[in-house]
Protein chains: 2
Amino acid sequence: MTAGPSWVQGAEGSGFGLQHLPFGVDAAAGPVVAVGPAALPLRPLAATGRLGDADAAWFDTPTLDAFLAAGPGAWATVRGALQRLLGVGAHLPERRAVEPLLVPRDGVRLLLPVTVGDYVDFYASIHHATNLGRILRPGTEPLLPNWRHLPVGYHGRAGTVVVSGTPVRRPNGLRRQADGPPSFGPSRELDLELEVATVVGVGSELGTPVPIGRAAAHLFGVALLNDWSARDIQAFEYQPLGPFLGKSFATSLAGWITPLAALAPYRRPGPAQDPRPEPHLCTADPWALDLRLEASLQSATMRATGVPPARISASGFADLYWTIAQQFAHLTANGASVRPGDLFGSGTVSGPTPGSEGSLIELTRRGERPLRLPDGGDRGFLADGDVVVLTARAGDGPDHLQLGEVRGEVLPAWPVDAATCEER
Amino acid sequence: MTAGPSWVQGAEGSGFGLQHLPFGVDAAAGPVVAVGPAALPLRPLAATGRLGDADAAWFDTPTLDAFLAAGPGAWATVRGALQRLLGVGAHLPERRAVEPLLVPRDGVRLLLPVTVGDYVDFYASIHHATNLGRILRPGTEPLLPNWRHLPVGYHGRAGTVVVSGTPVRRPNGLRRQADGPPSFGPSRELDLELEVATVVGVGSELGTPVPIGRAAAHLFGVALLNDWSARDIQAFEYQPLGPFLGKSFATSLAGWITPLAALAPYRRPGPAQDPRPEPHLCTADPWALDLRLEASLQSATMRATGVPPARISASGFADLYWTIAQQFAHLTANGASVRPGDLFGSGTVSGPTPGSEGSLIELTRRGERPLRLPDGGDRGFLADGDVVVLTARAGDGPDHLQLGEVRGEVLPAWPVDAATCEER
C-alpha cells in the first residue's frame, strides 16, 4: 500500500509524492523534505511541534546526522507526521500553517546531506564483475574465486564525496599505457559508475558485528551515486592493494536521500545465490529493491545547442547479486563499527543485456566500440565538458518515485606543470 | 641544534624533553603537551595568554583539529612559547604560574587526539613489499611492476582508528584455507604491523594537487601506528579491490603526536630511488626521519608472571623507500583533498636483516618458523591475551626523543553463533 495524494500542487506524478518524501539539506534552511515541486524546511515544523514528538534538535543542525542517529522510531514518527500534514486529509489549520513554509524545490541549494564518516564501495553486480573480468582478464574465468562467497568491497575516500552538481576535475595520475612505461598526465579513460549508495542511520559499537537480521534497524535510506573512475590510473596502481587515486578524486552523491520506508512497496525477493550464502550473509527473507536506473550524458556541444542528455545505460537494481542487507552485514562481520551518515555503494549496477552496462568501460569495451552521441561525437570515455546524469525510478503511474538525480560536469585537468615538481 | 634542558623534574633523559613536546588530548583537560613525567594542559595556558598570540579557541575543543588547521605559524608559536615557559631560562613568575598546572603524565587518559577524516595506508617499505612478495608469490619477481613508480596505497576505515590502550577484538571472517573452501570464524592469522603515521595539519582544496615542495606546509607530525591485520581473511577477500575486512576491524594510533619540528635534528637525506621519481614525486632535497622502531609482545602468561614485553622486531624508519613528502604528494596528485587530522600510514616498516621485519607474517614466514617467547610459548601469529607494544626513539643521550607508544591487547573473537544468522 502506498500513501495517498498530497494537497501540494504538482505532487501527483512528479515522482516526489507523499509516498516518497526524501530528505536533503538546504544551504540556508537546513534539513528539508521534498514534496512535488516544493521543498519543506523541517526546522520550523519541528520547532512548532508539528512533527509529533520529534526532537527539534534533529533538524537544528546543518546535516541529517542527528535525525539518522535517532533510529527507526524517529524516522517513522517524522514520516508519518509529514504524510498527515501534506496529505489531502490534513486539517485546514495545519495545512495553512505548513503552506507558507514551502519553497520551490528547484530553488533549494542542496548540500552534502550527511557527514560521510566512512565510504565503502562494493562490487555487488554479477554482470558488472563478469563484464570487467572479461575485459581485463580475457581468456580466463571472469569471476574471481571469492566473488560468490562474499560481497567484495573496499574503502573509498570519504572526504571527496561531493553532492550532486559539484563539477569534477579530471585527475592527473600515472597512466598505464599499452606500450612503454607509465606516464603522468590527465586520465584518458575517465569513466562514470552508475551506483546506488545505502546511507547508515544508526551506528554500531566497535568489536560487535551487526547480524543481518538487524540490518533494517540501522539502515536509513538510499541515494544515487556516481563513483567516477580513472581507468588508466586505476589499472596501473591497483595491484595488490586495490583502487586508490583512480577513484579518490571525487564521488558524487545525490542531494536527496530516499528513506527505505518509501521503497517498501518496491521490495522484491532477493536474487538466487549459488553457493548458499555463508552464515553471516544468510537470512530467511532476502530482499531486493526494484529500481530502474539510468545514466545519461550531455556533451558541451549538446548543451550549447539545447540537446538534452542522451541515455547511455539503463539497468535494474533488483539484478544486484548481493543485497543491501548482505553488504551491511558483511561490512560489520569483523566487528567494524559504523556511524550515522556512513555510506556504502553497491558498485556499478550492470544488467545482463547490451545497453544495461553501468560504466563506459563496459559499454564501449574499453573504448573499442565508442558510443555515438546525438551531436555526432564519439565517446570511448568521458570528454571535458561532458555532464553525466544518473536517475532512478520505482514504480509507474502517479505514485511512482523518482530518486534524486546525481549530476556532474567534467572539468579539464590542471596543467601538469602547474601541479608538479617545480623544484626539479 | 636541539632545545635546552627543562626545569621540569625528570624531563632530562625521559625522551619527553623540551626538544620533543608531543601533543595529545586528555579526556578531562582537553589538549595537553607532554614534558618529562608530566603533562601540561593547554587550555589554561592559552586562556591566560601565556602561549604568545595563540588563539585560545585552538585548545578549547576535545581534539587537536583546530590547532592543526591553524598551520605552521601557529605550530611554531605554540612550540616556541612552550619551550620558553618550560626551559630552565623561564622567568620565575611564569614558572610559578605553569608549575601548578602540571599533572602526572601517567595519570592522563589519552583520547584519539584528532578527527581522522580519512585514513590511508601506504606500502612504502621496499623490504616489507619484497618480503611479502616472496611469501605470497614464491618463485616470481617479488616487487610488482608499479611498486618503484609510485607509493602503492589504499584507504582504510577511518572510523575504526582507535587510540593506544584500546583492546582489539579478534575478528571473525571468511578465512582462506590451504585445502578446501573458505570457512567463517575467528582469524587464525592475526598480525601486527609496525608503522609510522603522518598526521595532516592544514587541509587542501578538492581538485587542487599539493606539490611535493609544499608538503611541509600541510604536515603536522607523526605517531606510531599498529595496522592490525587478519592475514587469512585478507588473503581470501583482497582480489581485485584490496584489503577490506582483514584490516578494517581496528587500527591503533599513539595518543601522543610528535610534531615534525621536534624531529628536525633527525632528518636524513632521502633514500636512493631507481628509477628516478616521477615528476610529482621529485624534489631537490628528499628527506627521511631517523627513527628506530621496535615491536614487543607480552603474552598473558608473561603478564601474569611479571615478565615485561619481549622485543620481536627492530627496524629503521629512514630505510623507507618512499618518503613522507612523496606519500603526501602522491595522495593529492589526483586532486583529492585532505582535512586536518587525516592520517596516512607508512605501511609496515621492515628492514633488510633478520629480526627487522615489522610483522609476524614476515618474521615467522607465515607461521612456518614460530617465534619463541620468554614464557616458552610459540607464536606464528598473535594469541588471545597478547599485548603488542610499538615504540620508537630518535637520537641518544639526554636529548633523545621517545615517541608515544602504541599498545593493544588482543581479545577473543565473539562466538560465531552469536554474531551470525540466527534466522537460519
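This is a predicted model: local features need pLDDT of at least 70, side-chain atom pairs count only at pLDDT 80 or more; totals for chains, interfaces and linings use all residues.
Start with the two copies. The same surface serves both copies: 100% of the contact residues of chain A recur in chain B. Contact here means heavy atoms within 4.5 Å.

Now look at where the chains meet. Chain A gives 67 residues to the contact, and chain B gives 67 residues. About 6400 Å² is buried between them, and carbon and sulfur atoms give 63% of that. Buried area is the accessible area (1.4 Å probe) that two parts lose on being put together, summed over both. In chain A, the residues that lose the most area to chain B are Arg157(A), Leu241(A) and Phe244(A), together 13% of what that side buries.

Arg157(A) also forms a salt bridge with Asp342(B), the closest N and O atoms being 3.0 Å apart. The count of salt bridges between the chains is two. Each is a side-chain nitrogen of Lys or Arg within 4 Å of a carboxyl oxygen of Asp or Glu. The chains also share 23 residue pairs in polar contact, both residues at pLDDT 80 or more. A polar contact is a pair of N or O atoms within 3.5 Å; within protein, one must be able to donate a hydrogen and the other to accept it, and residues adjacent in sequence count only if both atoms are side-chain atoms. On the side of chain A that touches chain B, β6(A) gives the most, with four residues. Helices (H or I, at least four residues) and strands (E, at least two) are DSSP runs, numbered from the N terminus.

Ser248(A) lies in the loop between α6 and β15 (251-253) of chain A. Is Ser248(A) buried or exposed? Ser248(A) is buried, with a relative accessible area of 2%. Buried means under 20% relative accessible area, exposed over 50%, partly exposed in between (1.4 Å probe, protein chains only). The side chains of Ser248(A) and Asn334(B) make a polar contact of 2.9 Å.

Helix α8 (324-332) of chain A is mostly covered, with nine of its nine residues buried. Among them are Phe328(A) and His330(A). Its cover includes β5, β12 and β13 of chain A.

Last, the sheet. In chain A, four strands form an open sheet in the order β1-β2-β3-β4, with antiparallel pairing. Strands pair if DSSP finds at least two bridges between them. Two bridges join β3(A) to β4(A). Ala38(A) has Pro104(A) as its bridge partner in β4(A). In chain B, four bridges join β2(B) to β3(B), and Val32(B) stands opposite Pro41(B).

Methods. Residues are numbered from 1 along each chain as its sequence is written. Chains are lettered from A and ligands numbered from 1 in the order in which they are written. Side-chain values use heavy atoms; hydrogens and water are left out.
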